[in-house]
Amino acid sequence: MPATIVQLRSRAVRSAQAEASAVVAAGSCEALPLVDRLQRRVRYLRVSVTDRCNYRCTYCMPAGEKDYGPRDAVLRLEEVVTVVEAFVAAGVERVRLTGGEPTGRRGIVELVAALARLRGAAGPLQVVMTTNGETLAPLARPLRDAGLAAITVSLDSLQPDRFTAITRRGRLEHVLAGIDAALAAGLPVKTNTVAVRGFNDDELGTIARFAWARGATPRFIELMPMSGGALFVPGELMPAAAVRERVAAEIDAPLQDVPARDVAGLGPARYVAVSRGPWAGKALGTIGAMTENFCAGCNRVRLSATGQLHGCLGHDDAGDLRRALREHGPAAMAEVVARVLGTKRDGHGFHVDGTGGPRKSMISIGG
Ligand code: SAM
Ligand code: SF4
């Protein structure tokens with residue numbers, strides 16, 4: 001009966017909230033060593049809250065059904081809070097919730113609320129999210145009310161057929177409704193577009209203008225050869241410099257680098273701003289992992305949905321935080337974190353021919 005389901009669900013949510021608050025209040029975690037072997041300080045944690053997705057983007061996962069592991073391999077919400085709390089106590093300032101598709105994780109609003117209550121030395125934890133936007137519209141306001149600070153919505157095309165082709169099942173109108181709902185809720189919005197030569201390179205200026213017209217910030221990402229290069233087509237890679245040139249040509253105005261100090265965020269994007277014309281001052285970001293390597297200043301680590309801590313997007317090695325947490329308790333996480341940061345690489349091995357990437361897929365690590 002619907003009433004029973006609702007009651008059960010709200011009871012489960014209340015219990016997750018109570019457990020999360022208890023964990024936050026306990027402050028039981030040993031300080032984590034958040035400086036890596038190259039003396040880079042980790043300030044940013046990406047957390048995949050699910051390895052499942054309602055899309056099947058061609059560059060992210062194979063067309064067929066993915067072989068998902070057992071559900072209890074995925075961290076429970078209170079375990080996610082425990083891990084994040086320890087990182088915040090050790091200096092992490094921002095957490096990005098990702099996936100799979102994070103809006104599909106049951107209890108995501110409650111998770112955001114629990115995380116947004118955490119405070120580190122630098123102040124309250126900034127909680128942000130990357131989503132494909134398909135089911136964002138009804139969630140945007142609750143997420144904002146729960147304390148979400150900003151949202152990034154993936155948007156590879158503004159043409160409905162193209163959009164469905166690259167996502168294999170996405171409905172553009174739902175995503176656009178999600179973006180509008182996020183903006184209406186007062187969330188700062190960025191869009192993420194994977195620039196694919198011969199597919200959406202004729203739309204880059206259109207997507208930038210679409211974002212600017214709504215007060216959002218467009219970002220363009222180079223295609224990366226995850227999954228052992230299996231989903232990568234070398235000719236489709238559009239270098240970040242070519243993206244900037246293409247947008248500048250489409251809007252008929254030069255783009256100038258924005259000084260790093262003027263750019264909000266802790267990520268690897270390089271920002272440029274339009275220097276004249278109707279869009280003067282509007283910024284766009286490019287993430288040139290393949291052609292503009294930014295690994296030297298890396299300040300992040302990644303937690304997979306199954307609790308594996310990855311020092312680098314481009315390498316497969318990881319530390320098993322889930323096992324440490326479940327078998328030995330929060331204090332055991334420090335040793336795993338020390339091991340991961342002690343071997344954190346100084347660069348990825350991606351090559352533009354599609355070799356050198358990790359075996360893991362983007363959907364499993366969350367971008
Ligand atoms: N499902 C959410 C979404 O699509 O926004 C969050 C997870 S998704 C893995 C995070 C980001 O990674 C998305 O913006 C997506 O476009 C990007 N991405 C996925 N596979 C990629 C690849 N092979 N190269 C570059 N970016 C990729
Ligand atoms: Fe899902 Fe995001 Fe991967 Fe697309 S990019 S398949 S939406 S996880």
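Trainee: Let's start at the end of a helix: which residue follows α8, and what is its phi?

Mentor: Helix α8 is followed by aspartate 252, with a positive phi near 55°. Here helices (H or I, at least four residues) and strands (E, at least two) are DSSP runs, numbered from the N terminus. Before we go on: this is a predicted model, where local features need pLDDT of at least 70 and side-chain atom pairs count only at pLDDT 80 or more, while totals for chains, interfaces and linings use all residues. Residues are numbered from 1 along each chain as its sequence is written, chains are lettered from A and ligands numbered from 1 in the order in which they are written, and side-chain values use heavy atoms, with hydrogens and water left out.

Trainee: Where does aspartate 252 sit, and is aspartate 252 buried or exposed?

Mentor: For burial, read the relative accessible area: buried is under 20%, exposed is over 50%, and partly exposed is in between (1.4 Å probe, protein chains only). Aspartate 252 lies in the loop between α8 and β9 and counts as exposed, because its relative accessibility is 60%.

Trainee: Which phi does arginine 168 have, and where is arginine 168 placed?

Mentor: Arginine 168 is not a glycine, yet its phi is positive, near 65°. You'll find arginine 168 in the loop between α5 (160-167) and α6 (172-184). With a relative accessible area of 33%, arginine 168 is partly exposed.

Trainee: Which residues of α8 are buried, and what covers them?

Mentor: The buried ones are Ala240, Ala242, Val243, Arg244, Val247, Ala248 and Ile251. Their cover includes the helix α7 (204-213), along with β7 (189-195), β8 (217-222), β9 (255-257), β10 (270-274) and β11 (283-287).

Trainee: What does tryptophan 212 touch, leaving aside its neighbours within four places in sequence?

Mentor: Contact means heavy atoms within 4.5 Å. Tryptophan 212 belongs to helix α7 and is buried, at a relative accessible area of 2%. Beyond those neighbours, its contacts are Pro218, Val247, Ile251, Val274, Trp279, Lys282, Ala283 and Leu284. Take alanine 283: it is 71 residues from tryptophan 212 in sequence, but 8.2 Å away in space, C-alpha to C-alpha.

Trainee: How do the axes of α2 and α9 cross?

Mentor: Axes are lines fitted to C-alpha atoms, for helices over the stretch in contact, with angles from 0 to 180 degrees between N-to-C directions. The axes of α2 (residues 77-89) and α9 (residues 321-328) come within 11 Å and cross at roughly 105°. That makes the two helices roughly perpendicular (65 to 115 degrees; under 35 is roughly parallel, over 145 roughly antiparallel, the rest oblique). Glu79, Thr82, Val83 and Phe87 of α2 meet Leu321, Leu325 and Arg326 of α9.

Trainee: Last one: what surrounds ligand 2?

Mentor: A residue is near a molecule or strand if one of its heavy atoms lies within 4 Å of it. Around ligand 2 you get Cys53, Tyr55, Cys57, Cys60, Met61, Gly100, Asn132 and Ile363. By class, that shell has six nonpolar residues, two polar and no charged. Ala, Val, Leu, Ile, Met, Phe, Trp, Tyr, Cys and Pro count as nonpolar, Asp, Glu, Lys and Arg as charged, and the others, Gly among them, as polar.
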